[in-house]
Amino acid sequence: MQVDEATVRRIARLARIKITDSEAQSLQKELSGILDWVKQLDEVDTKSVEPMTRVVAQDLERRPDEVTDGEIAATVVANAPVTEDNFFVVPKVVE
Amino acid sequence: MQDTTKSATNKNLIPGATGDWEIIVGLEVHAQVASKSKLFSGSSTAFGAEPNSHVSLVDAAMPGMLPVINAECVAQAVRTGLGLKAGINLKSVFDRKNYFYPDLPQGYQISQYKQPIVGEGEVEIDADGETITVGIERLHLEQDAGKSIHDQHPEYSYVDLNRSGVALMEIVSKPDLRSAKQAQAYVTKLRTILRYLGTCDGDMDKGNLRADVNVSVRKPGEPFGTRCEIKNVNSIRFIGQAVDVEARRQIDILEDGGTISQETRLFDPGRGETRSMRSKEEAHDYRYFPDPDLLPLEFTQAYVDELAQHLPELPDEKRARFMKSYGLSPYDASVLVAERENADFFEAVAKGRDGKAAANWVINELFGRLNKEGRDIADSPVSAGQLGAIVDLIAGGTISGKIAKELFEIVWTEGGYPADIVELRGMKQVTDTGAIEKAIDEIIAANPDKAEQAKLKPNLLGWFVGQVMKSSGGKANPAAVNEILRKKLGI
């Protein structure tokens, strides 16, 4: 499967990854190669096979509705470049 | 998609320069799940906390943190589905909806896309003088985002993640609504159902219930037009206004030969207009995929049945029962069931009494007075017991309806036992015909000319009744007064 350069740039943009022109070209080849490799799976007939969601038989873990976490505002914002009164402070975003 | 069945009966067409137009509305309501802790973390959902205090490292999306689902949020979604008479999916899947925004620390929202927990259902609404069935497309569970505050600083936005990760139910209606009023009635009804179920408190002021409103217009009988989505409308009044102004905007564009571009818009209540929110070049591509941190959500039919068994009586059922058991009109029954607390109060008053009289006193006197003072039934100065006692005093003929209103006023302002107040303040109705006759005789004697006229003009009777009531301080039994007066005046 061929991925064109425009698609590579779009995916990069959606993922907020900055790429150079030469990177775009090499990524185009790499992604196409990956998709071709995965495409081999299409040869297997999976019509009657349920999608696999787990390797071991296990149900989704649930927890009771209790407050057991939080109240650690200083820790939450500790790594933020800018904070004020425990708010994260970010460049203005207005839509 | 074409839907001609509904437009055939649509009385809500709005006129344009080129003929009538039909409004098509569908709503996505975001209802905050009533739970103590968040959907995938153990931090609190309480409102109004200090910035970033109700935040765990899961909510802040620190590396390596894993989501663990809150069992109660699942139960609440199932209860809501049952309340919407919807199909419950025993298996559903959580997906990641990817986008970048500072108040979404994960870079994706955990939501449900192709396999939601609740499927198709319906809600009945009364609007525009008819009962309309509104289809529910689906209900899914998802995380709320944090909150960005833009007005604290000219160059920076402030981000608070207290809401981040709180469980929301997104309830998607079918495009079955045909006017602003219907859209409002739908959200009002949905809110009532959620509050009865106890699955969402419906507090719109706190943003716990908000709606994305999809509006399009078409000529009756034609296929659906292109829709615009008005995001995050947070009051029932604004939902109505947003539908009307957006429909008008679209009609004006179409009649000028333009086309509607599908986009997200924002309603500005101050200006009474909607405006474009996002530019089209940055078209959204959420790249949904199953969240690898979460297994599919599965439960048994027995689990659903158990929840169904403990559902409370819902507003439609309660309304039907009120009409049947208490002989109430559809209107009175609707007013009483709109809030569960009101319905409970009414039943406490009506128990063992005349339902219609009880409804009349609860709706007209009590609700009227509560509204006037902007109070809730919860802090009503008159209890159900006191109001019931007033109704008993009227039914037993102890006081007249007029005196009862005075009594209500006393109980409202001063409190006390209605029967004692009547006794102590001499408010009892005079049914002693001797005393009434005496008063009538005096009035006739004092007004011989009027008594003479009354024989020719029987409507003068009203004047005499008024005089007798006045002389008795409102305590004479009006039926007895009428009867004796007619006899004495020869009418």
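Residues are numbered from 1 along each chain as its sequence is written, with chains lettered from A in the order in which they are written. Because the model is predicted, local features need pLDDT of at least 70 and side-chain atom pairs count only at pLDDT 80 or more, whereas totals for chains use all residues, and side-chain values rest on heavy atoms, without hydrogens and water.

**Exercise 1.** State how many salt bridges there are over all chains.

Solution. Take the criterion to be a side-chain nitrogen of Lys or Arg within 4 Å of a carboxyl oxygen of Asp or Glu.

**Exercise 2.** Describe the contact between A:Arg9 and A:Asp21 and where its partners lie.

Solution. The closest N and O atoms of A:Arg9 and A:Asp21 are 2.8 Å apart, and the two residues form a salt bridge. A:Arg9 belongs to helix α1 (residues 5-14) and A:Asp21 to helix α2 (residues 21-39) of chain A, so the pair ties together parts twelve residues apart in sequence; helices here are DSSP runs of H or I with at least four residues. For accessibility, buried means under 20% relative accessible area, exposed over 50%, and partly exposed in between, with a 1.4 Å probe and protein chains only. A:Arg9, at 31%, is partly exposed, while A:Asp21, at 52%, is exposed.

**Exercise 3.** Classify the accessibility of B:Glu273 and of B:Arg271.

Solution. B:Glu273 and B:Arg271 form a salt bridge with closest N and O atoms 3.9 Å apart. B:Glu273 has 31% relative accessibility and is partly exposed, whereas B:Arg271, at 63%, is exposed.

Definitions and conventions
Helix = DSSP H or I, 4+ residues; strand = E, 2+ residues; numbered from the N terminus.
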